[in-house]
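Open the model in your viewer and keep the selection panel handy. We will walk from one stop to the next, with a note on what to pick and what to look for there.

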Amino acid sequence: MAKKSDKSTEEVGQASEAQIAVHWREEGYYFPSAKFIGQANASDPAIFERFSEKNYPECFKEYGDLLTWDKYWHTTLDTSNAPFWKWFVGGKLNASYNCVDRHLKTDRNKAAIIFVPELEDDDTEVITYQELYARVNEFAALLQGFTSLKTGEVATFHMPMVPELPVAMLACARLGIIHSQVFGGFSGAACGGRIADSKSKVLVTMDGYYRGGVLQDHKVKADEAVARALEEGVVVEKVLVFRRNPGEYASKSPMVPGRDFFVDEIMPDYKGKLVEPVSMPAEAPLFIMYSSGTTGKPKGCQHSTGGYLAYVTGTSKYYQDIHPDDTYWCAADIGWITGHSYIVYGPLSLGTTSVMYEGIPTYPDAGRPWRIAERLGVTHFHTAPTTIRTLRKVGPDEPAKYNYHFRHMTTVGEPIEPDVWRWYHESVGKGEATIVDTWWQTENGGFLGSTMPALHPMKPGSCGPAVLGVFPMILDENGEEVKAGSGKAGNICIRGPWPGIFQTIWGDPDRFVATYYEKYNRNKKSTDWHDWPYFANDGAMQAADGYYRILGRVDDVINVSGHRLGTKELESAAIMVDAVAEAAAVPVIDDIRGHAVEMYIALKPGFSPDGVDEQVSRMIETEIGKVARPKSVWIVADMPKTRSGKIMRRVIASISNFTDVGDITTLANPEVVEDIRHYVQSEKVAHGEQPRELSEAELATIKGFGSAE
Ligand code: WTA
């Protein structure tokens, strides 16, 4: 039996996501075309039998066999140190070899990466597999010769969307150096915290990159990052700086002698050098990817070499339906897990052509993505609902103007509203493309929920059933299963491990167990995977047809444009402002970004509120990055609190979203609620905000918010 929640009703709030009965209007099915089915990698339903529970975990041999191994594994899944799962034990391989070298024999001069710079007049850069091989080897030789990095150590990257990023990732992989790429849009301070946590001696960055047509100064963030890492006790020995435009320097920040080096200046010593790929155990970490959770510090999700690569290769084949001669464009940023798995490792492992675009999709106008698609003959398009909503808003008729034809499209990262899905299908996909709505997380390595594109009908707003070999269940707070078709939501959990699951939180195995497994663990000593359901921290419900609808996070994470922001991180940044005594971050429904952040601030006695809102916003930008900039900062006299002194985020979230605040009789200070409501809502209305009725999914997020601690 899973353990019961030990929180009082007062602290959890009246309605957690799991308790909300959700009544959906069920959407109708859309079917893939006969043409699509005819060419799909998986078009025989026998595949479901091969991956059925009775064949688990050996079914994943099929994914492992998509890779080239130096040494074959002896044990597919080892659960002896649960929940630290080990996949393909005994096997040895190199990820860079699998993504590059093994394609040379037949596809040496096929495009591996096509880089599209943001400035439309700049030329597209085509990097063949042979050229990628040369560049990866040279950069690996440079890492080996010019830095002190050794196999098993971590290098932090703070790179924009340029081909140097996958080159550097694959160069690390070649040497068994663990890469930790921090999203380029994050601040220097955020990067520095991650350098310190992973104890990186080397930072790889670029002087600048284009965004909205403007060359951004990015190197300045490296200086901030190194300074922050030093404050946290970690010395960065070398900063390797690529230059966006050869022979020019995009930054005003001086190069620090002895620490900062232009890659193009040191590269001549390594030109043409080859480096043998290091044969790594399947269980060796390939990379770390930081992500937000309930508590303050971002978690370094550690991914394995063999299990991860097998999983992204398998899911790229069957769910992305990638064929070697496709031109596949995933418009995510490689700074997120989607980019790692479905721009770099999955597509390149399958030997296809992966398109990378540097800038924002609407630059210089909303026709840009479709011009790229037309010019390059893109066959697959993969993006997030936020981008789809933006493109629909600013250029609903643009897709029709261009002669491109997608065969397959993906949506990822947030729930997609059915009418946004339909625009994606009809306008972007021209009614021809098969869509997969893929649900998964940084921690998961690859997809967990999706339709199989040729074998399942699509249903707008639902990700579909679980993917091959993944067996979810929805549990309520007491560990009871919430049945499919019951109309009730609960916490989605995965019953057994899959090869792409992360290995641990870097340097914090206790937090790994506590965050993902403790809640529903049946026996801490058990080495049987059945006793260790993976708690995904997402609310979900399952329709009678078995399709899952993901409602969003049940921990205190706000999903802004598909970026995970922890309330604790936002609040810690806000209280760094002198005048701030207390801060609370809540999500507000946003028609483009899904959610936006609103901050509530209580001041220290004697401080003036003047300018505090801008100081809070700026501090959040400095500590986290522009993506986290709050939509509004509300300065209030007092926060609504429980008798034990906890801020009731659910109540302020309801105020920000114009929804019913629910039962507040258990608060220590219920009288403040009406004051805050009046102040915030009249300001909003005065600024032209139109309250609108929220969908059930939106309501579930707001009502369940703040119940996780
Ligand atoms: C949300 C992104 C609805 C979910 C790959 C999850 C989704 C979080 C979907 C992970 C989807 C992701 N439908 N919600 N198809 N995909 N999510 O770690 O709340 O950046 O927990 O990984 O995004 O975000 P992350």
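Predicted model: local features only at pLDDT ≥ 70, side-chain atom pairs only at ≥ 80, totals over all residues.

Now widen the selection to strand E4 (residues 111-116) and strand E17 (residues 353-357), which pair in the parallel sense over four bridges.

**The seven-stranded sheet**

Next, bring in the rest of the sheet around this pair. It is an open sheet of seven strands with mixed pairing, and its order reads E5-E4-E17-E16-E18-E19-E20. Which strands stand at the edges? Select strand E5 (125-128) and strand E20 (434-438): each has a single partner strand, so one side of each is left without a neighbour in the sheet. From one strand to the next, the twist averages 20°.

H14 lies across E4, strand E16 (327-330), E17 and strand E18 (380-383), and runs at about 145° to E4.

**Helices H15 and H16**

Move on to helix H15 (residues 385-394) and colour its buried residues: Pro385, Thr386, Thr387, Ile388, Arg389 and Leu391. The cover over these residues includes H14, E18, strand E19 (408-412), helix H16 (418-428) and strand E29 (594-603).

H16 is the next pick. Its buried residues are Pro418, Val420, Trp421, Trp423, Tyr424, His425 and Val428. Among the elements that cover them are H14, E18, H15, E19, E20 and E25. After H16, click on lysine 430, where phi is positive, near 50°.

**The four-stranded sheet**

E25 leads us to another sheet. Here four strands form an open sheet with antiparallel pairing, in the order E21-E22-E24-E25. Its edge strands are strand E21 (472-475) and strand E25 (548-553), each of which pairs on one side only. Neighbouring strands in this sheet are turned by 45° against each other on average, ignoring direction.

Zoom in on strand E24 (residues 534-542) and E25, an antiparallel pair joined by five bridges. Within view, aspartate 538 stands opposite arginine 553 in E25.

**A hairpin**

Now select strand E26 (residues 557-560) together with strand E27. The two run antiparallel and are joined by four bridges, and they form a hairpin with two residues between them. In the turn, serine 561 has a positive phi of about 50°. Valine 560 stands opposite histidine 563 in E27.

Show the side chains of strand E27 (residues 563-566). Are they buried or exposed? His563 and Leu565 point one way, Arg564 and Gly566 point the other way, and all are buried. In a regular strand the side chains alternate between the two faces of the sheet.

Jump to aspartate 508, in the loop between strand E23 (504-505) and helix H17 (509-516). Its relative accessibility is 28%, so aspartate 508 counts as partly exposed.

**Helix H10**

For the last local stop, select helix H10 (residues 219-231). At 1.5 Å a residue, its 13 residues should span 18 Å, and the 19 Å between its end C-alpha atoms agrees with that. The buried residues of H10 are Lys219, Lys221, Ala222, Ala225, Val226, Arg228 and Ala229. Turn the view to look down the axis of H10: these buried residues fall within an arc of 165°, so they line one face of the helix. On the other side of H10, Leu230 and Glu231 are exposed. Following H10 comes glycine 233, with a positive phi near 90°.

**Zooming out**

Finally, display the whole chain. Its secondary structure comes to 22 helices and 30 strands. The C-alpha atoms fill a box of roughly 70 × 60 × 60 Å along the principal axes. How does the chain agree with what a compact globule would have? For 709 residues such a globule would have a radius of gyration near 27 Å, and the chain, at 25 Å, agrees. Buried residues make up 63% of the 709 residues. Of the contacts with a separation of 6 or more, 73% are between residues 24 or more positions apart.

Note on methods: Residues numbered from 1 in each chain as written. Heavy atoms only, no water. Expected span 1.5 Å × (residues − 1). Buried < 20%, exposed > 50% of the residue type's maximum accessible area, 1.4 Å probe, protein only. Arc of directions from axis to C-beta. Pairing = 2+ DSSP bridges. Axes fitted to C-alpha atoms, helices over the stretch in contact; angles between N-to-C directions. Contact = heavy atoms within 4.5 Å. Rg over C-alpha atoms; globule rule 2.2 N^0.38 Å.
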